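Thanks for coming. Please keep the structure open while I talk.

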Amino acid sequence: MTLSPYSRSEHLRSLWPWLPLWTLVALLAIFAHGPMPLYSTRTLAVAWEMWHGHYWLVPHINGAPYSEKAPLLFWLIHAGWFVFGVSDVWPRVLEVIFGGTELVLISLIARRLFPNRAWMAKAAPWTLLALGYNFLFGLQIMYDVLLAVWALAALLCLTPTARREEPRWWLFGLCIGFGLLTKGPVMLLHVAFPWLLGPFWSGFARTNRARWYGRGVLAVLLGLAMLVAWAVPAGFAGGPAYMHRLLFSQTAARVIHGVQTAEPLQSHARPVLWYVLMLPALLFPFFGWPRAWVALATLRRPLEPGVRFALAWVLPTFLVFSLVRGKQMYYLLPELAGAMLLLTAAIAVLRERRPRLANTGWLGTWPLGVGSLAFALLLFVLPNLVAGNHLHGEWPDACAPYSRYFAVVFLLLGLLLLLRGRGELRRLAVAGLVGTLALNTLFTLTMWPRYELRPTAQLLGETEQAGHAIGYIGNYEGEFHFQGRLTQPVQEMNNTPQIAAFAEAHPDGVIVEHPEKLDAQALRYALLIQPFRSSWIVVWPAAALADLRGGANPPEPLQPPQIYSADGTRSHSLP
């Protein structure tokens, strides 16, 4: 049975207007400034080293195999580079494609799980696009949005359609495999519980348990086989140390406390309740919407299958992630889609069973509207507070020149949120999306020069092209490799003897330092100084820095250092 042209047109119209709106806003935001260090710059550095060194099987960073991530995202970046050439444009467009696909998938899941509630398929993507953290992190060239796409696609394969109740197991396995090739074994955690708890929400699973679990195991094995098909040859190509990190330590050290590794890993150890404390940021703006909490609190049996599916997905996965040692907010990106599915289902049930609560203005978006108006007032008086020495800091001082323009935006958003009547959820979604774009724009106008590494990257690129070596004091995260198009490793060092040895071996080399504060020696002998976040980046002539660390006075430089101020302008002295 094929879909009629009318049915296909209905599916296309169901994407209007949320998908074009989100795509436009996402493109505006992601191209407002350059790649963000250290998330996006590290990903681009790995993709660039693989591309330049023809390391198609093993990801590399700073000249060494990179076991932290699997290669699928890098392969997708390379596919675009083959067609369009090497730049950061395609990776950013790719992230927008991933985000839009995530919205489409949650709409399809809602349509399948709630066939008698057409509103669900329209409301679910609106709620997901409104989440501020989900939107802002989706602007990073990272693995987690692609991982969320594969997780949602795998769960879509589990859901029944009007013509087929049994899951499409081979597609389920392929999506698991692609997720494993995106970020490794954590993919299994994102999809395990809706499958393991299948009898809780699926009629097919209840009546065909052996088939459900048997074919599900085969699908998981298919996904694991896809990972092994890459990991085994990659492990042999990368060497024994890389294979050990890839297959064991880089996962175990994040999960289990006390696992020792030869090299430091980004374990991000946090307490058990850390995700609970982060819920206001993860779920904003819905965390401040009273009707959402009332709808969730009043859910009662009988629960329809779609609600049970969302519960089986979100609650146990959130619990296990809370118990895992390593935690980052973006680890839960796939579950944010599940949380929004549960929220929209609860709102739909509230409208049906408790219409008075569903329509009362006391549970509306007015707290968020009042908060937006208060924020608009703060932005309006911020220049006066800064000028009168009542408020100072990195952010207030930088934002003050532009804050009144953005006060108008948040004033209008506050008034929008104070409106009552039909379309409350859509108004909240639009306000959340536009408000997040406004904050991103304010950041771009004010704080971005403190994150823009291009001046240092360009100098390092010129240094390498001249045949000189580059050193870095501390842990180098690849932040200069892509923008500087570096092709040689940056040598890490941590103490004065290492600096002296580097300068002796490379007297014309340069050393990058990341001090908290500047001193007179940097302003006198450095090649380049630029702000970075709340500290500084200083590029030294290696010989001069070695002399200074050894207690000697280096020769006077032929020219003063290039100094970039916090607003991105260049001068020969600090403003």
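**Cavities, pocket and core**

The second largest cavity has a volume of about 60 Å³. Before going on, this is a predicted model, in which local features need pLDDT of at least 70 and side-chain atom pairs count only at pLDDT 80 or more, while totals for chains, interfaces and linings use all residues. Residues are numbered from 1 along each chain as its sequence is written, and side-chain values use heavy atoms, with hydrogens and water left out.

Some terms. On a 1 Å grid over the protein atoms alone, a cavity is a set of points where a 1.4 Å probe fits but cannot get out. A pocket is an open set with protein on both sides within 12 Å along at least five of seven lines, and lining residues have an atom within 4 Å of a point. Grid points are joined across faces, edges and corners, and a volume is the space filled by probe spheres set on the points.

Back to that second cavity. Its lining includes Ile 30, His 33, Arg 92 and Ile 141. By class, the lining of the second largest cavity has five nonpolar, four polar and one charged residues. Here Ala, Val, Leu, Ile, Met, Phe, Trp, Tyr, Cys and Pro count as nonpolar, Asp, Glu, Lys and Arg as charged, and the others, Gly among them, as polar.

How many cavities of 30 Å³ or more does the structure hold? There are two. The largest cavity has a volume of about 100 Å³. Of the 13 residues that line the largest cavity, Trp 22, Gly 99, Asn 134, Gly 138 and Val 145 lie nearest its centre. Helix H2 (18-30), helix H5 (89-113) and H7 each give two or more residues to this lining. H5 gives the most, with five residues. For reference, helices (H or I, at least four residues) and strands (E, at least two) are DSSP runs, numbered from the N terminus.

Next, the open space. The largest pocket has a volume of about 990 Å³. It is lined by 35 residues, and the closest to its centre are Gly 132, Leu 136, Thr 436, Leu 439 and Asn 440. Which helix gives the most to the lining of the largest pocket? That is H23, with nine residues. By class, the lining of the largest pocket has 25 nonpolar, nine polar and one charged residues.

Now the packing. A nonpolar core is a set of buried Ala, Val, Leu, Ile, Met, Phe, Trp, Tyr and Cys residues joined through side-chain atoms within 4.5 Å. Buried means under 20% relative accessible area, exposed over 50%, and partly exposed in between (1.4 Å probe, protein chains only). The largest nonpolar core has 140 residues, and Phe 172, Trp 230 and Leu 341 have the most contacts inside it. Helix H18 (residues 333-353) supplies the largest share of this core, 14 residues. Apart from it lies another core, of 18 residues, with Met 493, Ile 529, Trp 536 and Val 538 among them.

Contact means heavy atoms within 4.5 Å. Leaving out residues up to four places away in sequence, Phe 172 touches Ala 154, Cys 157, Leu 158, Trp 195 and Ala 219. Cys 157 counts as buried, at 9% relative accessibility.

Trp 540 lies in strand E7 (residues 535-541). Is Trp 540 buried or exposed? Trp 540 is buried, with a relative accessible area of 4%.

Last, the backbone. Most residues other than glycine have a negative phi, and most peptide bonds are trans. A cis peptide bond joins Phe 284 and Pro 285, with omega about 10°; Pro 285 is in the loop between helix H15 (274-282) and helix H16 (290-297). Another cis bond runs from Arg 301 to Pro 302, with omega near 0°. His 54, not a glycine, has a positive phi of about 60° and is exposed, with a relative accessible area of 56%. Arg 485 also has a positive phi, of about 50°, and counts as partly exposed at 31% relative accessibility.
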